[in-house]
Amino acid sequence: MAVVAAAAGWLLRLRAAGAEGHWRRFRGVGLARGFLHPSATVEDAAQRRQVAHFTFQPDPEPREYGQTQKMNLFQSVTSALDNSLAKDPTAVIFGEDVAFGGVFRCTVGLRDKYGKDRVFNTPLCEQGIVGFGIGIAVTGATAIAEIQFADYIFPAFDQIVNEAAKYRYRSGDLFNCGSLTIRSPWGCVGHGALYHSQSPEAFFAHCPGIKVVIPRSPFQAKGLLLSCIEDKNPCIFFEPKILYRAAAEQVPIEPYNIPLSQAEVIQEGSDVTLVAWGTQVHVIREVASMAKEKLGVSCEVIDLRTIIPWDVDTVCKSVIKTGRLLISHEAPLTGGFASEISSTVQMFNYAICCVELPLYGKPCSIL
Amino acid sequence: MAVAIAAARVWRPNRGLSQAALLLLWRPGARGLARSHPHRQQQQFSSLDDKPQFPGASAEFIDKLEFIQPNVISGIPIYRVMDRQGQIINPSEDPHLPKEKVLKLYKSMTLLNTMDRILYESQRQGRISFYMTNYGEEGTHVGSAAALDNTDLVFGQYREAGVLMYRDYPLELFMAQCYGNISDLGKGRQMPVHYGCKERHFVTISSPLATQIPQAVGAAYAAKRANANRVVICYFGEGAASEGDAHAGFNFAATLECPIIFFCRNNGYAISTPTSEQYRGDGIAARGPGYGIMSIRVDGNDVFAVYNATKEARRRAVAENQPFLIEAMTYRIGHHSTSDDSSAYRSVDEVNYWDKQDHPISRLRHYLLSQGWWDEEQEKAWRKQSRKKVMEAFEQAERKPKPNPNLLFSDVYQEMPAQLRKQQESLARHLQTYGEHYPLEHFDKRGLQCFPDFSTAEAPPLARMIYP
């Protein structure tokens, strides 16, 4: 019996070895074809997965913050967290799987450097993570919570909207949880489907009391994250997960701040204002250059950066100049944040038209 | 260990190395350590053992199929010190509190009771919008508060006013919050009984239930890191304990080793829902061991039992950095709130039993009387005095104006963002034009008029067009 078993095992291993080469050719898209036509040459069938196309456009190397280093987005996040924990002895980082470095490597090395009481795993419970973070912040210590994917932030919605956002107001400023920051991977990655791709910023935009920030690049991410951590209000920092590796540029090693609630005009133009945030900024930049090349249209590109409280003045000022506005985002259209921007700008532009300021007599259109 | 070696002889007769291997692999006390030590450690992986190797549990194998029967007929026993007549049952459990402290316990409970009666009535008369009484649960508040340090942080639900009363929160401020007047530290923003006091380390109450539980755990973790020698106490009812946040809080406290006391007031009802519809297990105390939490059930109407349990829990929570769960059994004598009429779902007889036969105030009074620390005359004098104090604070609160409408917009963020400032200015202009339709005479109006009069025909500024 043992001999039979051994022989069977030997045969299986042999078959596996032989099959390996045969099967290797059928990976990915070519697999189905391999089943149907096993003898066909399959170099042409070995296609890569089709993923959404965009090209990350790095910003020029920043000169005013000292020495820089090439970092991708997750490394720039690690750098910001490292700076924070070094500067602020009360700061702690917690969430699911942050101890070993995190599923996106954002917290690599921090537990070894700062200790297991400062960088630690929590049980798998988003409402607990945020509630726990609020409690730390109430005592005045700095709490940096991680929600593993923005798609899973909803169990914590009550704690964020009913508790964190309202802590200061409802207590008459006796108590607050301003030193809470929630970080979460956000947005499309190509293969994420329903539950690893969401952009939930619009749900939180409707909630006064919190700030929601979305960077477009490693340099922006570090400066904005540091500002969120130091901000005296609870902040949600969404990190475009597709940029974790795909975006790399020179980022200062030392800490620096990029102000919140300030949009950035990254390209000046005269014919139309394009507004986006996160990954979509790079798509829009490409659109701007295509428009210039093919249509002769001069686009002003704005990265909103902070979703709430958002920089109404910069966007409105731009639309006064160009007379046209296009907003592009990943999230669903209905009730998406573009609707807030467009309605506010239309209210503003209606006002401009009503007062008939001759300088700004252009017709206004919003897309 | 000798048993293991004997077992090895029976099971593996041909493996000469077995005994030596077992001696090497069996770390004495490793499994014993996992059982007795409060933290469950990962067992070392040893592949030659026939013992379970699963990282998820420290347990032995069993070859008999048997479901564990939850024990609800004879549940966790209820610790008490006094009987229903206020007599000490076991003298060794008497905390022997000094007279002043016991009198403070008594006066806090009775003053709270008096304030409850007057404020409940004031809601009935339309003077305040809403109120919640604490009838029957006063013992849980003061017994626990007395066992804490004054700097221990308190997270409550909404029926813990006695904790603030014990910490000498002035009647004026209780009333100010209920009236939402200009003296309210909360700036008149919340419904009545949503008290908060930074000075007395009582975090402001919020309406959503159980949200305070994981927050209290976070605060305890921060206190541990700060070596503050502080405990955090978190109060909640048996109904709130059904919320997901309660589960989250318990689990986090245990895994992250936080110095926190979870204090559950099991008063029999969550509005109209009796405990038989709230849970099927043995109350809240039985859940503690499931999380690895030290747990106890006490008679919540026995101030000394509550005191003893809280005192010991506090000492150990701080010393050992672990959570404690106290389930204080009590009864909600009053309605859930002024919006509730509990005769719709329970009998008057049931309520009367608790009011007459098992009330924390009566039981402590009997104790005081038997000690010779109180008598009928003092009782009469104190009733008169406490009523007078409450009425004075009440009349003062009535007369004060409401907070400035500008305070609708501040503290949303630490700094006021541009959009909110525009909304604030818009309201100011609205009140200028339509103020006669609002009861502005009851409000503090200082600084409200911030724009010039627009009755002159001039082009309005841009901002006014956006926010008319």
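Two salt bridges are counted between domain 1 of chain A and domain 2 of chain A. That count is a starting point for a walk through this structure, which is a predicted model. One salt bridge joins the side chains of A:R216 and A:D303, with 2.8 Å between N and O.

Contact between them involves 22 residues of domain 1 of chain A and 19 residues of domain 2 of chain A.

The size of an interface is often given as the accessible area lost when the parts come together. For domain 1 and domain 2 of chain A, the buried area is about 1,600 Å², and carbon and sulfur atoms give 58% of it. Which three residues of domain 1 of chain A supply more of its buried area than any other three? They are A:E201, A:I214 and A:R216, which supply 36% of the area that domain 1 buries against domain 2. A:R216 is also a partner in the salt bridge with A:D303.

Polar contacts cross this interface as well: ten residue pairs between domain 1 and domain 2 of chain A are found, both residues at pLDDT 80 or more. On the side of domain 1 of chain A that touches domain 2, at least two residues each come from α8 (201-205), β6 (211-213) and α9 (218-230) of chain A. Helix α8(A) gives the most to that side, with four residues. Sorted by class, the side of domain 1 of chain A that touches domain 2 has 15 nonpolar, four polar and three charged residues.

UniProt, in an unreviewed entry, lists "domain: Transketolase-like pyrimidine-binding" for residues 71-246 of chain A. Over residues 71-246, chain A is 38% helix and 16% strand, and the end C-alpha atoms are 11 Å apart.

Two details of the backbone of chain A deserve a look. Most residues other than glycine have a negative phi, and most peptide bonds are trans. A:A193 has a phi near 60°, a positive value in a residue other than glycine. A:A193 is found in the loop between β5 (180-186) and α8 of chain A. The peptide bond that joins A:I308 and A:P309 is cis, with omega about -10°. A:P309 lies in the loop between β12 (306-308) and α12 (312-322) of chain A.

The next part is chain B. Its domain assignment gives domain 1 in two segments, 91-340 and 347-399, and domain 2 at 405-437. The centres of domain 1 of chain B and domain 2 of chain B, over C-alpha atoms, are 37 Å apart. For chain B, UniProt places "domain: Dehydrogenase E1 component", from an unreviewed entry, at residues 106-405. Over residues 106-405, chain B is 46% helix and 11% strand, with 40 Å between the end C-alpha atoms.

How many residues of chain B are in contact with chain A? There are 45, and they touch 55 residues of chain A. Together the two chains bury about 4,000 Å², 64% of it on carbon and sulfur atoms. Within chain B, the residues that lose the most area to chain A are B:R225, B:F252 and B:Y413, together 16% of what that side buries.

Two salt bridges are found across the interface of chain B and chain A. In one of them A:D117 pairs with B:R225, the closest N and O atoms being 3.0 Å apart. There are also 21 residue pairs in polar contact across the interface of chain B and chain A, both residues at pLDDT 80 or more. Several elements of chain B supply at least two residues each to the side that touches chain A, including β2 (153-155), α8 (212-225) and α9 (244-255). Helix α8(B) gives the most to that side, with eight residues. By class, the side of chain B that touches chain A divides into 23 nonpolar, 14 polar and eight charged residues.

Over all chains, a search of the whole structure finds 41 salt bridges.

Conventions:
Residues are numbered from 1 along each chain as its sequence is written. Chains are lettered from A and ligands numbered from 1 in the order in which they are written. This is a predicted model: local features need pLDDT of at least 70, side-chain atom pairs count only at pLDDT 80 or more; totals for chains, interfaces and linings use all residues. Side-chain values use heavy atoms; hydrogens and water are left out. Contact means heavy atoms within 4.5 Å. Buried area is the accessible area (1.4 Å probe) that two parts lose on being put together, summed over both. A salt bridge is a side-chain nitrogen of Lys or Arg within 4 Å of a carboxyl oxygen of Asp or Glu. A polar contact is a pair of N or O atoms within 3.5 Å; within protein, one must be able to donate a hydrogen and the other to accept it, and residues adjacent in sequence count only if both atoms are side-chain atoms. Ala, Val, Leu, Ile, Met, Phe, Trp, Tyr, Cys and Pro count as nonpolar, Asp, Glu, Lys and Arg as charged, and the others, Gly among them, as polar. UniProt positions are given in the numbering used here, feature names are shortened, and annotations may be inferred rather than shown by experiment. Domain bounds come from an automatic or database domain assignment.
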